[in-house]
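The following paragraphs lead through one protein model step by step. Please keep the sequence and the structure in view while reading.

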Amino acid sequence: MMPIAHGMIAWLVAVLFGKEVNDRRLMVIAGVVLDIDGIFILFDDALFYEYHHTFGHSLVFGLMVALVASLLSVDKIKIFFGALSAFIMHIVADLIGSNWPVTIFSPLSDLTIPSSYFLTNYQIYNIVNPIVFIVCVILIMIIMYYREISPIEFISEKLDKYIIERIFPIKFKSDGEISE
Ligand SMILES: [Zn+2]
């Protein structure tokens with residue numbers, strides 16, 4: 001699945017668990033950091049094919065990531081579970097949105113979870129992934145309207161506010177009329 005889709009899914013999970021913007025940022029990181037095992041694509045194809053969907057996509061790593069996110073967060077217990085959920089959602093998305101198995105307990109076990117073997121590549125890349133992408137965009141637009149936040153807050157809260165005000169000018173011009 002595309003990294004941008006993973007980022008959007010992670011942010012949607014983050015909105016469910018986190019009240020503080022920094023806590024949400026930590027959960028977004030937890031939901032995308034898995035692809036660190038794909039870093040080899042930059043310099044060695046063989047290593048990429050050997051290691052992608054292994055140590056980064058392992059629940060062992062996921063527990064460590066959730067623990068670190070929790071320690072750095074304000075709302076520690078909630079963010080532990082939020083970060084773990086974001087991490088697991090990435091694995092789920094890869095399982096349905098790719099044809100690449102995941103070594104889920106790497107490096108402790110070689111057990112692999114097969115990805116969408118019941119779907120063809122065509123169905124994965126031309127149907128499943130675009131649907132997931134569109135659903136994410138719709139959910140994000142709804143949250144942008146009602147909660148006045150978007151994934152752009154990851155980079156800058158100011159920029160986020162600026163963009164939302166321009167996408168939904170009606171809401172901000174007649175704020176008094178719209179009840180929250
Ligand atoms: Zn991945």
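What percentage of the 180 residues in the protein chain do buried residues make up? The share is 32%, where a residue is buried if 20 or more other C-beta atoms lie within 10 Å of its own, exposed if 12 or fewer, and partly exposed in between, the C-beta atoms being placed from the backbone. The model is predicted, and local features need pLDDT of at least 70, side-chain atom pairs count only at pLDDT 80 or more, and totals for chains, interfaces and linings use all residues. Residues are numbered from 1 along each chain as its sequence is written.

The overall plan comes next. The protein chain has 8 helices and 2 strands; these are DSSP runs numbered from the N terminus, helices being H or I with at least four residues and strands E with at least two. Read from the N terminus on, the order of elements is α-α-α-α-α-β-β-α-α-α. The C-alpha trace spans about 60 × 40 × 30 Å along its principal axes. Of the contacts between residues at least 6 apart in sequence, 54% join residues at least 24 apart; two residues are in contact if their C-beta atoms, placed from the backbone, lie within 7 Å.

In soluble globular proteins, nonpolar side chains tend to be buried together. Here the largest nonpolar core has 29 residues, and those with the most contacts inside it are Ala 10, Ala 14, Met 27, Ala 30 and Ala 83. Such a core is a set of buried Ala, Val, Leu, Ile, Met, Phe, Trp, Tyr and Cys residues joined through C-beta atoms within 7 Å. At least two residues of this core come from each of α1 (3–17), α2, α4 (59–72) and α5, and α1 gives the largest share, 9 residues.

Ala 10 lies in helix α1. Because Ala 10 has 29 C-beta neighbours inside 10 Å, it counts as buried. Ala 10 and Met 27 are 17 residues apart in sequence, yet 6.7 Å apart in space, C-alpha to C-alpha. Helix α2 (residues 21–32) and helix α5 (residues 76–97) pack at an angle of about 30°, with axes 7 Å apart; the axes are lines fitted to C-alpha atoms, for helices over the stretch in contact, and angles run from 0 to 180 degrees between N-to-C directions. The two helices α2 and α5 are therefore roughly parallel to each other, a term for angles under 35 degrees, while over 145 counts as roughly antiparallel, 65 to 115 as roughly perpendicular and the rest as oblique. The residues that make the contact include Met 27 and Ala 30 of α2 and Ala 83 and Ala 86 of α5.

His 53, in the loop between α3 (45–51) and α4, has a phi near 70°, a positive value in a residue other than glycine. His 53 counts as buried because it has 25 C-beta neighbours inside 10 Å. The peptide bond from Ser 106 to Pro 107 is cis, with omega near 0°, and Pro 107 is found in the loop between β1 (102–103) and β2 (112–113).
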